[in-house]
Amino acid sequence: MKKAFRIAAFTAAVTISVSALGLIASGSVARAADPVRIGVTVSSTGPAASLGIPEANAVALLAKEVAGHPVQYIVLDDGTDTTKGVANMRKFISEEKVDAVVGSSVTPVTLAMVEVGAENKVPVVSLAANAKIVEPVDDKRKWAFKTPQNDRLMAKGIADHMAANGVKSVGFIGFTDAYGEGWLEEIKPALESKGIKLVAVERYNRPDTSVTGQALKLMAAKPDAIMVAGAGTPAALPARTLKERGFKGPIYQTHGAANNDFLRVGGKDVEGSVLPAGPVLVADQLPDNHPSKKVAQKFIADYEAKYGKGSVSTFGAHMYDAGLLLQAAIPAALKVAKPGTPEFRAALRDAIENAKDVVYTQGVVNMTPTDHVGQDDRARVMVQIKDGAWKLLPAGK
Amino acid sequence: MSTPAPINNAAADAISSDGRAPGGRGLRLVAPLAALAVCALIPLVPGLPQFWITLLNYIGLYALVAIGLVVLTGVGGMTSFGQAMFVGAGAYTTAILTTRYGVNPWLALPAALAVTGVFAWGVGAVTLRLSGHYLPLATIAWNISFFYIVGNLDIFAKFDGISGIPPIAVGGFALSDGPSLYYLIWGAVALAVIATLNLLDSRVGRAIRALRGGVVAAESFGVDTGRARILAFVYAALLAGLSGWLYAHLQRAVNPSPFGLNASIEYLLMAVVGGAGSVWGAILGAGLVTIIRDQLQDWLPWLIGARGNFEAIAFGVILVLLLQTARDGLWPHVLRLCNVRPATRGHHAEAGQLAPRARSAGEQRADGPVLAVADLRKQFGGLVAVNDLSFVVGRGEIVGLIGPNGAGKSTTFDLVTGVTPPTSGDIRYFGENATGERARVIARRGVARTFQHVRLAAGMSVIENVALGAHLRGHAGPVGAILRLDRAEEARIFAEAHRQLGRVGLADLADRPAVSLALGQQRIVEIARALCLDPSMLLLDEPAAGLRHREKKQLAALLRQLRGEGLSILLVEHDMDFVMGLTDRLVVMEFGSRLAEGTPEEIRNNPAVLEAYLGGVA
Amino acid sequence: MDLSIFLILLQDGVINGAIYALLGLSLVLVFTVTRVIFIPQGEFVSFGALTLALLERGQTPATIWLLLALGVVSAVAQVWQGRRTLSARRVLAIAGTDLALPAAVAAVTMLLAPMKPPVAVQIALTLAIITPMGPYIYRMAFQPLAEASTLVLLIAAIGVHLALTGLGLVFFGAEGSRTEPFSSAMFEIGSLLVSGQSLWIMGVTAALVAALGAFFELTLTGKALRATAVNRLGARLVGIAPSMSSAIAFTLAGFIGALSGVLVSPLTTIYYDTGFLIGLKGFVAAIIAGLASYPIAGAAAILVGVVEALASFWASSFKEVIVFLIIIPVLLWRTWGAPVVEEDDH
Amino acid sequence: MSALFQLEKLFVAYHGVDAVRGVSLSAPRGAIVSVIGANGAGKSTMLNAAMGILPARGQIIFDGAPIHGLSVEERFFKGIALVAEKRELFASLPVEDNLALGRFRFRREGRAAAHAALDEVYDLFPRLRERRRQLAGTLSGGERQMLAMGRALMGKPRLLMLDEPSLGLAPLIVREIFRIVVSLRERGVSILLVEQNARAALQISDYGYVLENGRVSLEGPSAALQEDARVAATYLGFGAHRGDDGDDDADGDDDAAT
């Protein structure tokens with residue numbers, strides 16, 4: 001009996017201290033209701049860290065004030081883990097009372113977050129690529145938007161380029177994860193539409209030390225070209241192995257590879273590779289009439305001023321674009337309701353859905369109730385690696 | 001030398017710390033009920049941020065898995081890095097059934113558990129034979145494979161996973177917000193705690209707990225240790241599967257990432273940090289790890305002024321420091337803080353008699369030898385340890401097996417008890433062939449034994465060890481144990497254990513941890529355990545070693561009394577005086593062969609024996 | 001698959017296998033001497049490779065700060081643990097190995113790094129930076145737990161792994177690096193193209209295995225390590241302190257890890273978290289060897305490498321599944337038929 | 001003779017049991033002191049605590065200085081060696097390596113010294129010289145005991161503590177071992193001998209202690225103890241009156257402490 005009492009007492013003590021802590025915490029949350037609060041959850045650790053880190057970095061460049069209202073950003077790391085992403089989402093909603101959430105970096109985590117967003121009626125702007133996040137726009141996806149170009153748009157660029165250059169058959173090697181899977185799904189129809197055959201599909205892991213087996217298998221299928229669907233520096237490994245094994249045809253990469261570390265690690269092995277990318281990657285080479293040129297240059301200048309020369313990447317640009325999108329939508333929402341209210345969140349969602357001619361660092365966006373990406377061909381350029389640098393290819397070539 | 005399994009002691013604490021008291025059920029329920037009441041009130045605390053409820057929900061989910069690990073790792077001694085995979089099995093089953101086939105989540109629950117259970121049974125059947133450090137690695141291999149298989153197959157929607165999982169509904173009310181799920185999740189945790197405590201405090205639970213004390217000892221009392229291992233494995237997996245079912249409906253989306261190796265590592269970590277020896281430790285560990293993680297995320301940026309990826313670093317360091325200050329986990333420390341002592345077991349003196357063990361026809365006959373060994377041979381490589389040995393033990397007879405060190409006595413003992421199979425020869429108990437039979441089969445024939453090197457389960461009290469001897473006289477299975485349908489039988493088993501302890505004169509030590517007894521006393525406990533089998537034959541391996549003169553006399557008296565009750569006894573002994581005064585016949589071994597056989601008087605005067613055994617110094 | 005492809009894959013597998021073998025040997029060594037299943041072994045590989053990559057670029061690697069910090073903490077830990085029996089000489093020795101040594105390594109690195117010294121110097125610096133982390137980590141994390149159960153030590157190893165991986169991300173960022181090969185030569189043997197780098201790997205691996213063999217067979221210190229592995233108490237009774245044997249084992253682990261990183265980094269891109277998976281595969285080999293036999297661990301590592309290469313050709317999606325599940329039949333074969341061994345659990 | 005080694009009010013708890021409860025004893029220089037008692041009396045626990053393997057309360061004094069806080073290795077360096085009940089050999093190493101490792105503390109003294117020490121042990125135990133290349137794990141019981149003693153002697157101890165050296169050995173071998181123990185005394189090694197085989201121990205020792213339930217119940221010159229009626233009845237067994245049966249009291253079992 002005595003012990004029963006002790007256990008009960010202990011449990012009670014724990015409960016009381018937990019609730020006390022809670023009260024303190026909630027006290028600290030009760031700030032002025034005025035600012036617009038944006039929750040940001042990105043994968044700064046875990047397998048997608050190379051995406052999440054520049055994304056988190058870019059938050060510092062976002063507008064601190066929109067239409068006279070301060071905007072606050074609360075940044076959390078989800079470790080590329082779905083459970084963590086959803087927990088962050090719930091934390092944003094219940095503890096931080098955010099008006100919108102930006103994130104996460106990868107598709108699987110975003111997909112789970114979208115569920116929570118819809119349930120609590122909070123708009124989610126994803127930084128992940130897969131079209132599944134926003135298509136089709138149903139009750140759930142009503143609340144989901146994203147800034148990166150659909151893989152489909154990018155895949156079309158590759159297919160067009162291949163067709164224009166007489167490629168008849170293609171071998172594919174991609175990550176054994178959602179990224180590689182997503183690309184495979186998009187490239188198949190794109191190639192089909194151009195009558196190009198997909199002759200071999202291989203997979204590899206981000207941390208693999210060797211892809212010799214896959215490379216040999218691809219080459220055994222004798223494709224005219226090979227495309228690599230990987231993100232960041234790991235995308236260089238297949239290119240290198242293929243070169244080493246004597247593959248002479250063109251190699252295509254995806255926009256996931258578009259950062260300077262890729263060039264550093266890839267070196268001469270990735271020379272000549274072609275890839276679709278956001279215009280921000282080659283901002284300086286864009287024709288002056290490209291709508292994104294100015295914005296992109298400003299982003300690059302600001303980012304490099306803060307994080308060092310050559311540190312910029314398209315992943316950071318996705319975050320920056322998310323900021324631009326919100327910046328465009330917030331004024332309209334502010335007219336309807338005060339931040340921190342369900343009405344404001346609903347209005348914000350409506351405003352995002354109605355965003356017109358928002359200039360990103362990567363193209364121009366026109367959202368519609370059925371299109372929550374809103375991008376067109378202006379969001380994509382074709383780039384080739386020449387002399388260890390990104391070189392803009394003229395359109396249609 | 002090093003680690004006398006401290007976790008086990010913690011296990012003993014926790015298992016009996018459900019407040020079991022002589023009074024019985026009434027009082028025992030008070031503590032959990034009080035805890036339950038407090039838990040139920042948490043969401044109603046005014047001003048409690050909703051996110052705390054969310055955190056508590058996650059803690060509950062993790063705690064379920066960690067509780068499974070208590071049974072598997074803390075008590076059963078099997079380290080698993082595969083629990084996340086079983087969470088995944090539960091989560092994916094319900095995800096697929098509810099999204100593709102529109103099955104109600106409640107109907108998906110049994111399916112999720114069934115799939116997880118069958119999956120775990122399959123994995124266990126292949127893997128659990130592996131012992132020691134192989135098992136953890138094998139589970140790592142399974143878990144990594146699970147991750148890639150799920151991620152690459154269409155039916156699991158590959159790496160993107162399945163979203164749009166419906167919430168669980170109760171009477172039309174969807175449990176989709178934190179507080180409503182809180183009750184569901186913590187209700188499940190409460191059930192898991194009760195079920196686990198019940199399971200561990202039962203006949204089956206004793207078998208699982210005895211695994212760490214030594215497979216051979218458990219097998220020798222009829223425990224199918226392979227089955228006990230798989231049972232613990234499947235039970236742990238079922239709790240993980242339950243957690244997965246809840247997870248899927250809390251998260252509303254599943255994909256492979258939460259079910260990878262890292263998650264499995266984290267579950268194990270929770271159990272160990274909290275104290276893998278007790279269910280409360282598991283819950284504490286789940287809470288601690290989750291809260292530390294969350295708080296680090298809040299406080300670290302503020303502390304070091306830079307946002308970065310320092311959480312993992314800080315977490316790793318905290319983990320190591322925690323282990324260094326509390327290597328058995330934190331729960332034992334909490335207990336010490338609250339000054340809680342393990343409760344003692346009631347004496348159940350009022351319980352009825354345990355039914356005698358069912359005896360075979362051969363056992364019931366009054367004639368013929370009890371044990372007949374013919375031409376028994378055991379070779380280890382080129383070495384012949386037992387060389388065509390023959391002897392018999394008759395009914396109600398005490399036979400001593402003696403010989404100098406290395407004569408093959410212990411090997412002979414291992415052969416007749418089924419610990420090692422003979423190379424050739426014939427062993428018969430009660431006229432029935434038992435050659436090459438395993439230890440637990442021989443136990444079923446009514447043969448009980450003790451060990452030269454005492455094998456008592458370290459985490460159990462004296463009486464629990466003795467009760468293990470009655471394993472074959474009970475029938476309750478795991479389900480009955482969890483539902484507490486085994487109480488009457490348990491009471492009878494413990495009454496019997498108490499009776500046998502009293503018989504050997506150790507009744508007052510019943511509730512002491514078995515390892516705390518002096519070695520000589522532990523030997524006597526082994527005899528009590530053997531008697532609990534209700535044997536027709538006793539095999540004693542050096543029972544008098546470590547006993548003082550008076551104690552030896554008492555032991556001899558007890559053995560004579562047992563002989564008087566019709567038991568047959570075979571004993572291996574060094575102590576010539578003890579043997580000479582007690583046995584009816586002696587078999588003397590040298591170099592694996594029988595050197596002489598006869599009454600003590602004949603042996604004492606046998607020149608060959610004197611030459612061999614006493615080194616020719618007589 | 002024709003013969004030439006098979007030969008290429010075999011070569012690829014053997015080279016990767018050689019690295020796994022080094023790690024497998026190291027894991028066996030650390031486990032037998034200290035009972036620690038040293039999960040963070042792989043981090044040394046990453047740290048070694050990425051430190052070398054930074055040096056190659058003329059940058060001062062942040063790992064020197066880690067080295068200094070670990071040295072300081074290790075010194076404090078030792079002084080604290082031995083506070084009752086510490087002699088002045090002992091304090092001096094601790095200051096020498098834990099403070100002066102890392103300070104000297106850091107100073108030399110800071111001096112030389114911007115000058116882009118020759119590759120050999122870079123490698124020497126890398127090894128000098130990473131190797132001492134082994135014993136420092138042992139003193140901080142594992143020595144206070146020396147008598148704990150294998151499970152507790154394993155969890156502590158996981159804690160160290162988490163912390164080191166996090167540090168790796170802070171130091172090196174999420175993107176990987178690759179270093180210049182020691183040799184860019186290519187040899188043609190029949191249809192097989194053999195790179196100079198792969199010959200380096202094989203050669204260094206073989207040399208290291210031979211050196212380890214000599215160390216364990218011929219030197220008294222090597223025998224003392226083996227003695228600790230077979231009987232800890234026995235070793236203590238003749239004055240071989242487990243802490244000394246363990247520190248040596250962890251030094252070797254640090255050295256082998258860093259060396260593996262240096263060897264493998266010209267072949268492939270290494271990331272802050274690559275080490276874990278490489279380490280796990282070394283671990284598969286070590287386990288196949290029952291965490292006891294060095295030759296079997298080496299052979300098993302080559303087997304793992306070859307299976308991996310073949311699997312990546314035949315079924316690249318399921319490569320990891322195949323690699324990790326081969327241990328199941330191997331382990332079953334090892335334990336099947338063997339009598340139920342009583343685990344006395346010590 | 002001043003005491004080389006002393007235990008004062010030593011308490012050792014093991015597995016939650018007070019196995020040794022306030023034992024005081026002293027071992028003079030150049031003497032053999034035996035401690036006899038039944039299995040479980042706490043003899044091994046006491047030795048293990050004296051060596052630093054088990055934590056203990058009370059004073060442990062060696063050569064006039066307290067050694068309580070020292071580790072096993074440090075005690076060995078001071079000149080205390082323990083031949084443990086289980087011998088604790090390096091089973092997978094050859095005999096000669098086992099012996100060589102016994103000299104680990106003198107590893108910087110060079111080859112010549114090592115060879116000399118090895119020869120000395122081989123002279124004491126010629127059987128070990130024959131088996132020098134054999135793995136320690138393949139030795140017979142008597143050879144193991146010799147190897148364990150030889151290994152301990154390689155470290156040039158001033159105090160040699162022997163835990164049940166007769167354990168599991170044939171009477172002939174026991175006699176040989178005890179003969180060597182006596183010869184060690186002549187070489188100036190002090191010896192603390194723990195034995196169940198009370199008669200043999202008392203025959204060769206100068207002074208004896210009887211341990212019972214973790215306490216010293218009797219002590220005195222060995223000759224006197226041998227004559228003591230209580231000792232005769234309890235520890236020399238009934239066998240005391242009848243030939244050599246008592247030798248077989250050495251059964252294959254351990255104290256609570258090992």
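Analyst: A residue is called buried when its relative accessible area is under 20%, exposed when that area is over 50% and partly exposed in between, with a 1.4 Å probe and protein chains only. The model is predicted, with local features requiring pLDDT of at least 70 and side-chain atom pairs counting only at pLDDT 80 or more, while totals for chains, interfaces and linings use all residues. Residues are numbered from 1 along each chain as its sequence is written, chains are lettered from A and ligands numbered from 1 in the order in which they are written, and side-chain values use heavy atoms, with hydrogens and water left out.

By the burial cut-off, B:Tyr247 is buried, at a relative accessible area of 5%, and B:Phe259 is buried as well, at 1%. Rings of Phe, Tyr and Trp (its six-membered ring) count as a pair if their centres lie within 6.5 Å, and the pair is stacked with planes under 30 degrees apart, edge-to-face over 60 and tilted for the rest. Over all chains the structure holds 33 such aromatic pairs. B:Tyr247 belongs to helix H11 (residues 225-251) of chain B, whereas B:Phe259 is in the loop between strand S4 (253-254) and helix H12 (261-274), so the pair ties together parts that are 12 residues apart in sequence. Helices (H or I, at least four residues) and strands (E, at least two) are DSSP runs, numbered from the N terminus.

The chain around this pair has 618 residues, of which 63% are buried, and its secondary structure comprises 26 helices and 14 strands. With a contact meaning heavy atoms within 4.5 Å, 75% of the contacts in chain B between residues at least 6 apart in sequence join residues at least 24 apart. Chain B exposes about 20,800 Å², and carbon and sulfur atoms supply 61% of that area; accessible areas come from the Shrake-Rupley method with a 1.4 Å probe, and for residues only the protein chains shown count as cover.

Elsewhere in chain B, B:Lys158 has a positive phi of about 50° although it is not a glycine. B:Lys158 is placed in the loop between helix H7 (134-152) and strand S1 (162-163), and B:Lys158 is buried, with a relative accessible area of 16%. By contrast, B:Leu44, in the loop between helix H3 (30-41) and helix H4 (50-75) of chain B, counts as exposed at 59% relative accessibility.

In chain C, ring pairs link C:Phe38, C:Phe44, C:Tyr138, C:Phe142 and C:Phe250 into a cluster. A charge is taken to sit over a ring if NZ of Lys or CZ of Arg is within 6 Å of the ring centre and within 35 degrees of the ring normal. On this basis A:Arg206 lies over the face of C:Tyr271, at 5.9 Å from the ring centre, and the charged end of A:Lys217 sits over the ring of C:Phe313, 5.3 Å from its centre.
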